[in-house]
Amino acid sequence: MTTQNISGKVVVVTGASSGLGEATARHLAAKGARLVLAARRLDRLDALVAEITAAGGQAIAVQTDVTVKADAAAMIAAALKAFGRVDVLVNNAGYMAIAPMSATLTDEWDKMIDINIKGLLYGVAAALPVFEAQGSGQFINISSIAGRKVFSPGGTVYSGTKFAVSAISEGLRHEVGSKIRVTVISPGGVNTELKNGSSDEQSLKALDDFYQIAIGPDAIARAIAYALEQPADVDVSEIAIRPTAQDF
Ligand code: NDP
């Protein structure tokens, strides 16, 4: 069965325990998608599964650390076991720690690289063989406006990871694109927990100002739904979406 619209599609969402991932899961479930919710905080995933199923939708929770290869593989295996196929992987899990380079917060650099780049790659490695065997599938990779422009000072390493997401997505689409779709979503400021990730107090204060004009995560969920609901021969390759009032 190849489903062209959203209803019935099996959609795996990483980082579904908050922010964009949570809003996307809720939005797609309401449109009839069958959801596989992945993140580390299982209590939050379980609560969302309960909410979706109470509303008549279908969802399962799979505790997943995307930086662990075996977890990414188990996430896709759980989707196959529950629903028999995987139509979409939303590579959304992410971490942002804004700070000047001179603060040399190398543990936070490591974390951004591990979650934002390696985590996404492990998801691709787990889902791609399934998509190839099915002859169809779609990756939704969450980059950022900071993946098109260097968000500096403070966002240099974060931007580096998001430039990597955009580059990997472009190459992936080029390599597997005849049947498999690859969509990059590049959001601007969205009101989520993401802005709290840094241990640098001064950067946190500056970010609070930047996020005053942030939009809600449902705006990104709608953009993802748009990319999913196109017919199989239409690849929405990239969507940039930011607050109207954002000048970056
Ligand atoms: P949140 O902090 O609200 O959500 C991040 C999600 O990622 C959480 O569900 C978290 O779940 C999950 N996550 C983090 N680390 C891991 C891990 N190791 N394994 C599995 N899941 C993990 O932020 P957003 O919703 O804003 O972020 C979602 C994506 O959107 C990110 O890729 C971010 O870079 C991107 N983005 C966000 C923007 C914004 O302004 N908010 C702008 C541009 C892009 P848990 O902790 O339970 O594991």
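**Ligand contacts**

I began with leucine 20: one of its backbone N or O atoms lies 2.8 Å from an oxygen atom of the ligand. I took this as a polar contact, that is, a pair of N or O atoms within 3.5 Å. The model is predicted, so I kept to its thresholds: local features need pLDDT of at least 70, side-chain atom pairs count only at pLDDT 80 or more, and totals for chains, interfaces and linings use all residues. Residues are numbered from 1 along each chain as its sequence is written, and side-chain values use heavy atoms, with hydrogens and water left out.

Next I looked up tyrosine 158. A polar side-chain atom of tyrosine 158 sits 2.6 Å from an oxygen atom of the ligand. For glutamate 193, a backbone N or O atom is 3.3 Å from a ligand oxygen. I then checked cover: the protein hides 95% of the 880 Å² of accessible area that the ligand has on its own (Shrake-Rupley method, 1.4 Å probe).

**The shell and the pocket**

I used DSSP runs: helices are H or I with at least four residues, strands E with at least two, numbered from the N terminus.

The ligand takes up the space of the largest pocket. A pocket is an open set of points on a 1 Å grid over the protein atoms alone, where a 1.4 Å probe fits, with protein on both sides within 12 Å along at least five of seven lines. A molecule sits in a pocket if more than half of its atoms lie within 2 Å of its grid points.

I found 9 salt bridges in the structure (side-chain nitrogen of Lys or Arg within 4 Å of a carboxyl oxygen of Asp or Glu).

The peptide bond from serine 152 to proline 153 is cis, omega near 5°. Proline 153 is in the loop between β5 (137–142) and α5.

Technical notes
A polar contact is a pair of N or O atoms within 3.5 Å; within protein, one must be able to donate a hydrogen and the other to accept it, and residues adjacent in sequence count only if both atoms are side-chain atoms. On a 1 Å grid over the protein atoms alone, a cavity is a set of points where a 1.4 Å probe fits but cannot get out, and a pocket is an open set with protein on both sides within 12 Å along at least five of seven lines; lining residues have an atom within 4 Å of a point.
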